[in-house]
Structure formats: C-alpha cells, structure tokens
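Student: I have a model open and would like to go through it with you. Could you take me through a few of its contacts, one at a time?

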Amino acid sequence: MPRYITVTSLLNKTKKRDPWFLDDYTINPYSGCAFNCLYCYIRGSKYGINMAEKLSVKENALAILRRQLAARARKQQQGFVVLSSVTDAYLPIEEKEQLTRGVLELLLEYRFPVHIITKSPLVLRDLDLLRRINESAILPPDMAQYQHKVFITFSFSTIDPVIGKQFEPGAPDPAKRLLAMQACADAGFMTGVSLMPLLPFITDVPEQLARMYAAFQQHGARYVFPASITLWGEGEADSKQLVLQAVAQYYPQHLTNYQRLFTHNNSVPAAYNSALQAAAAAEATRYALPAQIPFV
Ligand code: SF4
C-alpha cells in the first residue's frame with residue numbers, strides 16, 4: 001500500500017535548462033518509484049532495496065500546483081515542464097490515482113508545454129490532453145523555433161526483455177515501450193528515446209547499439225539521448241551494490257571489468273565514455289536519430 005503525504009511545493013524551477021531534456025520546471029507527482037531499476041540514481045537507504053514498498057502519493061499535489069502555476073502564468077513564465085525527474089509519472093498506481101492526468105489538466109489550463117519522460121505505455125491514456133496542450137501551450141521566448149509543445153520521451157537501457165527484467169524488474173517490457181512510442185509517433189507527437197544508462201559490456205556493445213538504434217527508428221523515434229551509467233554508494237540498497245550483484249549473478253564474465261571500472265569510481269573513465277559517444281554518434285548518423293530534439 002502506498003503512503004499518502006502532503007507537500008508544500010510541486011512545481012520545481014530548474015537552475016539551468018538541460019540541453020537534452022529542455023526542462024524549465026520539473027514535477028514529480030509521486031515520491032519513490034515502483035519500477036525499481038537497480039541502476040536508479042534515487043536509490044539509497046531512503047527507499048530501500050524494493051522501492052515499490054516506499055512509494056508515496058502526494059495527495060494535495062493538485063491544489064498546490066494550481067497556485068504555483070497561476071502565479072507563474074500571471075508573470076508569463078510558461079516553460080517546459082518535465083514529468084518526471086525522480087520518479088515515473090506513469091507508475092501502475094497512476095491508473096487509479098490519476099494524479100498525473102490531473103497535473104496535465106492544470107498544465108493545459110495554464111498553457112505550459114510538457115516533456116514526458118517515461119517507461120510506461122500508460123502515457124497513451126493521456127494523448128487527448130497532450131494533443132490539446134500541443135495546440136495551445138505557450139513556448140518560452142527562446143524556444144520559439146520549436147513546432148511542438150509536447151515531447152514524449154521513452155526511457156530504455158535495453159530493448160532485450162531478459163536484460164530488462166534483470167536490471168529494471170518492475171518496469172514495463174521494452175517491447176511495449178517501443179509500441180507505445182510508435183503509437184505516439186503515429187498520433188503526430190514528437191517522440192524519442194532517453195537511452196540511459198547504457199550498461200558497460202552488456203548493452204553498450206556495438207551489436208546492441210546497432211539493434212537498438214534500428215528498433216528506435218522503426219518505431220517512430222526522432223531523437224536518442226545516449227549515456228553511460230553512474231553508480232553510487234556502498235549500502236545494500238545503493239545502485240552500485242545492486243548492479244554489481246546483478247552482474248555477478250547474470251554476467252560473471254564481466255564482473256572483473258565492472259570492479260575495475262567502479263570499485264574506486266562512480267562513472268566510466270573519460271576515454272571509455274568518448275569511445276561510447278563516438279559509437280553512438282555513428283549509429284545516430286546511420287539512422288538519422290540526433291542526440292537532440294529536432295525543431296520540427
Ligand atoms: S523508472 Fe526511473 S525513477 Fe523509476 S526506478 Fe527506474 S530509473 Fe528510477
């Protein structure tokens with residue numbers, strides 16, 4: 001059972017717009033995440049090993065959000081709202097709670113553009129609202145060149161269902177995400193992929209990258225953001241421990257490589273990352289999938 005909590009703020013203003021995610025604001029309707037990815041950067045003792053058990057619903061979210069959006073709209077401060085940054089806005093509980101849907105209704109009313117980042121096909125339920133936001137939202141003046149006011153990004157670390165279950169045990173099957181992306185593209189939305197984290201030696205190898213970029217293109221993606229993994233912490237609920245355990249269990253042949261990369265560091269070395277970015281850039285060129293959201 002989720003906990004129900006009250007909050008004092010829902011709309012977070014970002015300090016600086018990320019060049020990939022184009023976030024002026026972020027909104028997280030839930031606290032914690034039932035998708036339970038081992039590599040998740042919010043992991044740690046606060047949410048425990050099974051993050052689904054520590055999920056919270058922000059029950060006063062919509063009342064707080066209405067006040068915050070009204071104040072921003074009065075000052076004509078509409079900007080892209082990312083849903084979500086530290087949870088997934090389309091967790092299974094959203095089917096019943098409809099909190100994300102309520103957030104979208106308010107964003108429509110106050111004319112804020114939206115960037116959805118999700119692993120869930122449940123986003124398809126809200127295409128009606130997203131279509132209306134796409135027609136009527138106000139873009140920030142320095143983003144006037146964009147033709148779309150809604151971006152829908154699907155998050156993948158793999159398209160292989162077995163690897164997906166190993167590292168994202170609570171998340172929807174990658175094949176369902178691909179089909180949902182196709183449906184968004186068919187409905188005319190600007191849609192693409194957040195390809196992170198790529199798992200060293202497992203999903204960042206050339207044949208996997210080629211397969212993924214091909215599948216993304218075939219399913220309507222217009223862009224792909226590729227990035228390697230960052231692992232944190234020494235505690236039993238921390239991402240570094242959980243990913244190393246999974247590698248030991250499922251990919252023992254790569255364990256020494258992982259220990260070499262991560263025992264004393266949180267991210268891959270600069271040279272490793274450069275080689276990965278070069279390999280991803282080659283696939284991006286091959287499949288016309290740039291690492292930025294196109295203007296049209
Ligand atoms: S879907 Fe995102 S927020 Fe949720 S567990 Fe996975 S990485 Fe973390």
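**Aromatic contacts**

Tutor: Tyr 146 is buried, since its relative accessible area is 12% (buried means under 20%, exposed over 50% and partly exposed in between, with a 1.4 Å probe and protein chains only). This is a predicted model, in which local features need pLDDT of at least 70 and side-chain atom pairs count only at pLDDT 80 or more, while totals for chains, interfaces and linings use all residues. Residues are numbered from 1 along each chain as its sequence is written, and side-chain values use heavy atoms, with hydrogens and water left out.

Student: Okay, and how many aromatic pairs are there?

Tutor: The count comes to 14 aromatic pairs, where rings of Phe, Tyr and Trp (its six-membered ring) pair if their centres lie within 6.5 Å, and planes under 30 degrees apart count as stacked, over 60 as edge-to-face and the rest as tilted. Among them, Tyr 146 and Phe 295 are edge-to-face, because their ring centres are 4.9 Å apart and their planes stand at 85°.

Student: Is Phe 295 buried or partly exposed?

Tutor: Phe 295 counts as partly exposed, at 41% relative accessibility.

Student: Switching topic, which residues are around the ligand?

Tutor: They are Cys 33, Phe 35, Asn 36, Cys 37, Tyr 39, Cys 40, Met 51, Thr 87 and Lys 119, a residue being near if one of its heavy atoms lies within 4 Å.

Student: And what about Gln 145, how far is its C-alpha from that of Val 296?

Tutor: The C-alpha atoms of Gln 145 and Val 296 are 8.4 Å apart in space, although the two residues are 151 apart in sequence; Gln 145 itself is partly exposed, at 37% relative accessibility.
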